[in-house]
Amino acid sequence: MSSLLSDASQRLQQALKYTSLSEDAIESLKSAKASLSVSIPVRMDDGSLKVFQGYRVRYDDSRGAGKGGVRYHPNVTLDEVQSLAFWMTFKCAVLNLPFGGAKGGITVNPKALSRLELERLSRGYIDAIADFIGPDVDILAPDVYTNAMVMGWMMDQYSIIRRQNTPGVVTGKPIAMGGSLGRDTATAMGALFVIEAMLPKFDRKPQDTTIAVQGFGNAGATIAELLHRAGYKVVAVSDSKGAIYSEAGLDIPSIRQHKNETRALQAVYCEGSVCTVTEHDRITNKELLELDVDVLLPAALENQITEANANNIKAKLIFELANGPITSAADAILEQKGIYVFPDILVNAGGVTVSYFEWVQNRNGLYWTLGEVNQTLQRKMVEETECIWSIAQELSIPVRTAAYVHALQRLGEALDAKGTRNYYTSR
Ligand code: NAD
């Protein structure tokens, strides 16, 4: 069992204590509904033929068609894809999206391929799994090392096979091919709505709230900038090479602009012109995680807060933008320390929520403005956050457990609607 799945299963066990899920529903959730392994032959630029392994897993579709990203990475295995599909099942249920959980992947180092090879591989993957997916069956999206361009190829290939334009089979597409406005910033925007809904409960005002962000990529840099613009004091940011800290708060837009221009990581350390913008100290990634701040946002990798460093964490609130940044062993330590953790399946669900909006727009043929996307996202994120917070308060349980309880109740209802042991045995 991957560490991802074993952590998710442990958390599930804790949540099960607070639900009245039928034994049938629990039994149904123990295994993936369908797993497909495929071999994808690709003609390489030098004329040789290479065969890649690909996977698509639909974990559960009791609440709707499967939904989940496609990952290109050398470490992709069927086990990992199944774990991620399991996770997506809960994320979609937390946000009440009419989807089940799915995930896909190809075992490949995409950086070693030319653009044409990458296109042939992406189209080959769709050729191999076309009978397993569809806008009412299983919908794809970007994940690690796949992007809008790859999604566009995939949608195009599926449409060629079906001989009809089928934008709803893939989300995260380029805007010109039926993508949604706001999809690129959706994860960070969703996280902002969760943070803004929760901070007043802790009597926190933006200008008095210090924040550290681990990771300065898609999710991390965007949330840092959104928070900065909303008046929060973002005092530290980091990337894979290290971190910078300024007690007075960093000038995030200029750090981001410099990093975008140079694509060089040292820009984050202000070795170029950004140096002059804000006085700062260089610190390590370990030090960033252990800073005495109000809010910590892990937005880089999994397993960053473990038994080894949980005792040193001083932030009062943690919002997980990354998937799985805290291990289940660390959860217990943070809880004892009175630190509130807002879990990934809620905090970073803005991405899949706007993916849902993209699917809705594709099916209606009527496209939304950016304002409509963000307003609807805000309503959904705030509604579910408040609901999870109430469950946590009523049952006196950690917010993470409350999120699982919330998702399990919805999954249980859908699974039980088809009949339970009680239904069939009672008269
Ligand atoms: P990304 O590749 O754009 O950025 C990752 C960032 O983390 C980079 O800045 C990298 O330098 C940094 N990093 C790597 N190792 C680090 C380390 N040891 N310490 C500090 N920083 C380090 O990825 P992303 O899309 O921003 O995703 C980040 C996390 O958010 C992942 O866990 C991902 O699964 C999750 N997530 C992202 C989205 C999304 O829409 N982008 C949606 C849901 C979840």
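This is a predicted model: local features need pLDDT of at least 70, side-chain atom pairs count only at pLDDT 80 or more; totals for chains, interfaces and linings use all residues.
Five strands make up an open sheet in the order E1-E2-E4-E3-E5, and the pairing within it is mixed. At the edges stand strand E1, which covers residues 34–43, and strand E5, each of them with a single partner strand, so one side of each is left without a neighbour in the sheet. If you ignore direction, neighbouring strands of this sheet are turned against each other by 25 degrees on average. Looking at one pair in detail, E1 and strand E2, residues 49–60, run antiparallel and are joined by 10 bridges, and within that pairing Val-38 has Gly-54 in E2 as its bridge partner.

Two helices lie across these strands. Helix H3, residues 78–94, lies across E1, E2, strand E3 (65–73) and E4, and its direction is at about 155 degrees to E4. Helix H4, residues 115–129, lies across E1, E2, E3, E4 and E5, and runs at about 140 degrees to E1.

Strand E7, residues 233–239, runs antiparallel to strand E8, residues 242–245, with 4 bridges between the two, and together E7 and E8 form a hairpin that has 2 residues between them. As an example from this pairing, Ala-236 has Tyr-245 in E8 as its bridge partner.

Now to the charged side chains. As a reminder, side chains of opposite charge can pair when their charged atoms come close. How many salt bridges does a search of the whole structure find? The search gives 27, and I will take three of them one by one.

The pair I would show you to begin with is Asp-143 and Lys-103, whose closest N and O atoms are 3.0 Å apart. Asp-143 sits in the loop between strand E5 (138–142) and helix H5 (148–162), whereas Lys-103 belongs to strand E4 (residues 99–107), and the two are 40 residues apart. Are these two residues buried or exposed? Both Asp-143 and Lys-103 are buried.

My next pair is Arg-204 with Asp-294, a salt bridge at 3.4 Å from N to O. Arg-204 has a relative accessible area of 26%, so we call Arg-204 partly exposed, while Asp-294, at 9%, counts as buried.

Glu-225 and Arg-256 also meet in a salt bridge, at 2.9 Å from N to O. This one links helix H7 (residues 218–229), which holds Glu-225, with helix H8 (residues 252–262), which holds Arg-256, and the two residues are 31 apart. The cut-off for buried is under 20% relative accessible area, so Glu-225 at 13% counts as buried, whereas Arg-256 at 22% counts as partly exposed.

Let me finish with a network of salt bridges, in which Lys-33, Arg-56, Arg-58, Asp-61 and Asp-138 are linked.

Key. Residues are numbered from 1 along each chain as its sequence is written. Side-chain values use heavy atoms; hydrogens and water are left out. A salt bridge is a side-chain nitrogen of Lys or Arg within 4 Å of a carboxyl oxygen of Asp or Glu. Buried means under 20% relative accessible area, exposed over 50%, partly exposed in between (1.4 Å probe, protein chains only). Two strands pair if DSSP finds at least two bridges between them. Axes are lines fitted to C-alpha atoms, for helices over the stretch in contact, and angles run from 0 to 180 degrees between N-to-C directions. Contact means heavy atoms within 4.5 Å.
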